[in-house]
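This report is meant for a reader who is meeting the structure for the first time. It begins with a sheet and what surrounds it, and then turns to the wider chain and its partner.

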Amino acid sequence: MDSYVIVKSVLMLAALSAAFSVFFIRSRRLFRLIRSVRGKLPFTLDRVKERLVVLLTDVVGQSNVRRKALPGVAHTLIFFGFLAVQPHSLELMLKGVCPAFDPAKWFPAVYGGYLFVADVLAALVLIGLAYAVYRRVVERPKYLTLNTDANLIILFTCVIIVTFQFINAFQTLLPVHVAAFPVSGLWIGLLGLERLGAGQITAGYEIAYWLHMATILGFLVYIPGSKHLHLLAAAPNVFLKPLQREKAMPKTDIEDESAETFGLGKVSELNWKNVLNLYACTECGRCEEQCPADQTGKPLSPKKVIHDFKRDLLAHADAILAGKGDAVDPIVREGSPITADVIWSCTTCRACEDICPVNIEQLDFILETRKHQVLMQASFPPEMQATFTNLENQANPWGFSADTRADWSKGMNVPLMCDRPEAEILYFVGCAGAFDDRGKKIAQAMARVLQRAGVDFAILGPEEACNGDLARRAGNEYLAQTLIKQNVEVLNRYKPQKILTGCPHCFNIIKNEYPQFGAAYPVVHHSEWLRALFRQGRLKSVKGIKELEATGSAAGPLAFHDSCYLGRWNGIYDAPRDLLRAAGSGIRLAEMRRHGAKGFCCGAGGGRMFMEETIGKRINIERAEEVIASGAALIATACPFCATMLSDGLRDCQTPRSVKDIAEIVDEVTA
Amino acid sequence: MKIYVCVKHVPDTAANIKTAGANGFDDAVCKFIANPYDEYAVEQAVRLMESQGGEVVVVSVGKEAAMATLRSAMAMGATRGILVTVESQFLDSEITSQALKAAIEKDGKPDLIFTGKVAVDTEGFQTAYRLAEAMSLPVVNEILKMELRDGKAVVEREIGGGSREVLEAGLPCVLGATKGLNEPRYPKFPDIMKAKKKEVKQMTLADLGLSAAAARIELVKLEKAPDRSGAKIIPGPSREAAQALVHILRNVEKVI
């Protein structure tokens, strides 16, 4: 027996050294890779207290992962149970090397208590794993990656837990009794282990012990090379997540003459946070499940984008670590899974980022790659060339004469800022409101409502240019900055007290991105502003909504379609709904299947409004079908592009349904 | 190969022109662009340079602001530029072509000269022909396809009725590009930045021994075309709508 103890000690020491060395070397390589990529990221570790709270709620509390109920509960069970057995495994490792190490003897009460709890938690892991297996065998959701990597991880975890239980079961039968095992103890009765002889029990214990160690050390070695790197990277990634929902696309310094490249052309140009994002992904597929592109048969899946970026990064790790980032292949290249169609299918709706339990920012990868494709390669969907040229020449995507920008308001007595610079509100109309036939009606409704409420407002007219969102999200940072600077100069001249927008794209970029260019003014979207006018009593509903009276039904005849740039980009979900209830005199709203944070994009964002949609099903048709299924007779929108996309989708579905902007509804009921 | 491309700085056709005085317009508030047909010419020249080597020189006759059009042509790949500055908003095609000829001959010996088929502002359709005549070169306008074969330019142009003719012209010659010849590239950002530093020789008409006073066409008056009156939509079933239309044409407009 003594000689076995020595052999065990030597073997254990060797195994531990080997496994931990390999783990250390592989992890160090990954860490160095984080530090070797060249992308710049202005980042200061701020609001540490808040971040610690996030760690408590999101990681320890598992709140994010449970937004999907059953898999979330399963994950929570596995997470805690797996963590709970780790101290015990560590103890066994040390004990294996040095039998004198015996916390059970030193702190019997603590030790016994810990093992009792760990034993229960470990058993719960098996329930979690059972559900995981059920999902992979029976449910098999499309968005879930089913591969050896995933199966191995489940197998590893399962073996670790079962061997833990057997170690405990045999431990109970050994002369040195250390703790009570409420669950593991059941194996004794179940398998009749108590009938075994002393030698057999010891042998059983040792077998369970070595199996446990082999699996856990194998797992340790396996982690850094698998998607289960998640285990190491998820918590830091969540800790370092952006603390606010609103986000700005990074401003590229295009005037930097020393810069050799712009945007993201090669994986060596990722920034450290991007890399941490890649490490944190465990391919749960929730992003893919939400993605309008993937759901309508486009080649883009945010999960795959992350997976493919990670593979590309690891494939070029040697070159990057050797400081030869220039020699790395371009991301979009012959044979790469990240094709132009993948990059250009994105509507930038941010459903992927919103749903991601570990706060991966998929859009950063897609939008920076677009930026590189446009600026450095002049490669983009051919139909965008005319749009870019129109924006360059006339500061609107359709190429209408820039000096007719105020023509929509002819005969309405809407003052221009140049005539009324002291106006309380600068109504930033946007290109859709100024030029698009559908949008013009919305702008006119807005103007009428504002006049009715006695709001002192003015517009910029020909001094207004496209806000730059379209060009920016379509990768044309140069053009976007030209437009933004044009507007910033005008805004800084008038220094408006408040900017009101009728379009979430104007709202988002002026609010969150113009400060990058030296224009920070209070910005309000018309959903919030009109709600405020109702609350102040400056607007009153004097009649009902036409479409709804026609149906004669009070039960959910009106539904609101969330615009991505209002909802997910800025967290405004309640204002338009409150407004509709106020306008409709307390009307009950129907909700479409996907709404709020999970609202489904209309298909127009990210410049997609101006691109052909030739692959798969049209996104607006998918949404129109959902509108029809909701039973709503009238769809309210808060974005002129959503209004156009939904109207077109419903028309193609040959189902008469009205689509109206909230301003149009307010105009109708207050007139 | 030394290729010259004549480009014109023109008001965007989408822009509203504000007339000023009897025969001028406010060009400070009007958006100008490179004449779209000239972009096909630049693209073709740059492609030839890319395959054959040599240089592409863009030449413009216009006001100082025409520099922007030269820069955009250079962002597309043209090597350098020549700007002949004039004061006048309207220079007739006779003087323009003489200025182009003088500027080109002063600069070097062309192997090929491109123009756009027509400038979208004055729509004179003259310059390519006058330039070729002045330089005693063959000219083919409205080319849709072109390649170099055995030291000659082989070009295709539409002659109506869906037919095309294939012509051969000895080099040097003047070729007028039209839509369909190619798809002008969207410049890469670094090329836009590089274009800002490319060489542009600047000279005046007088430097070339020419004078705008010698123009043979004078613009007497410039006025805004009346707005098109709004279209009228006749609702109702087609039979009644047709009757209503006939009524309008016969009794209101009195055209039938």
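In this predicted model, four strands of chain A form an open sheet in the order β6-β5-β7-β8, and their pairing is parallel. The edge strands are β6 (589-590) and β8 of chain A, each of which pairs on one side only. On the β8(A) side of the sheet order, β7(A) and β8(A) run parallel and are joined by four bridges, and A636(A) stands opposite K660(A), a residue of β8(A). Helix α28(A) packs on this sheet, where it touches β7 and β8 of chain A, and its direction makes about 175° with that of β8(A).

Between α28 (640-652) and β8 of chain A there is a loop, and Q654(A) has its place in that loop. Is Q654(A) buried or exposed? It has 6 C-beta neighbours inside 10 Å, and therefore Q654(A) counts as exposed.

Helix α29 of chain A, by contrast with the exposed Q654(A), has eight of its nine residues (662-670) buried, so it is largely enclosed by the rest of the structure. The buried residues are I662(A), A663(A), E664(A), I665(A), V666(A), D667(A), V669(A) and T670(A).

On the side of α13(A), the contact is made by P302(A), V305(A), I306(A) and F309(A), and on the side of α17(A) by Q362(A), F365(A) and I366(A). By class, the residues of this contact divide into six nonpolar, one polar and no charged.

Taken as a whole, chain A has a secondary structure of 29 helices and eight strands. Its C-alpha atoms fill a box of roughly 100 × 65 × 45 Å along the principal axes, and 46% of the 671 residues of chain A count as buried. Among the contacts in chain A with a separation of 6 or more, 79% are accounted for by residues 24 or more positions apart.

Chain B meets chain A through 13 of its residues, which are in contact with 17 residues of chain A. The largest share of the side of chain B that touches chain A, three residues, comes from helix α5 (residues 189-195) of chain B, and by class that side has eight nonpolar, one polar and four charged residues. The domain assignment of chain B gives domain 1 (2-214) and domain 2 (229-256), and the centres of these two domains, taken over C-alpha atoms, are separated by 46 Å.

Definitions and conventions
Residues are numbered from 1 along each chain as its sequence is written. Chains are lettered from A and ligands numbered from 1 in the order in which they are written. This is a predicted model: local features need pLDDT of at least 70, side-chain atom pairs count only at pLDDT 80 or more; totals for chains, interfaces and linings use all residues. A residue is buried if 20 or more other C-beta atoms lie within 10 Å of its own, exposed if 12 or fewer, and partly exposed in between; C-beta atoms are placed from the backbone. Helices (H or I, at least four residues) and strands (E, at least two) are DSSP runs, numbered from the N terminus. Domain bounds come from an automatic or database domain assignment. Two residues are in contact if their C-beta atoms, placed from the backbone, lie within 7 Å. Ala, Val, Leu, Ile, Met, Phe, Trp, Tyr, Cys and Pro count as nonpolar, Asp, Glu, Lys and Arg as charged, and the others, Gly among them, as polar. Two strands pair if DSSP finds at least two bridges between them. Axes are lines fitted to C-alpha atoms, for helices over the stretch in contact, and angles run from 0 to 180 degrees between N-to-C directions.
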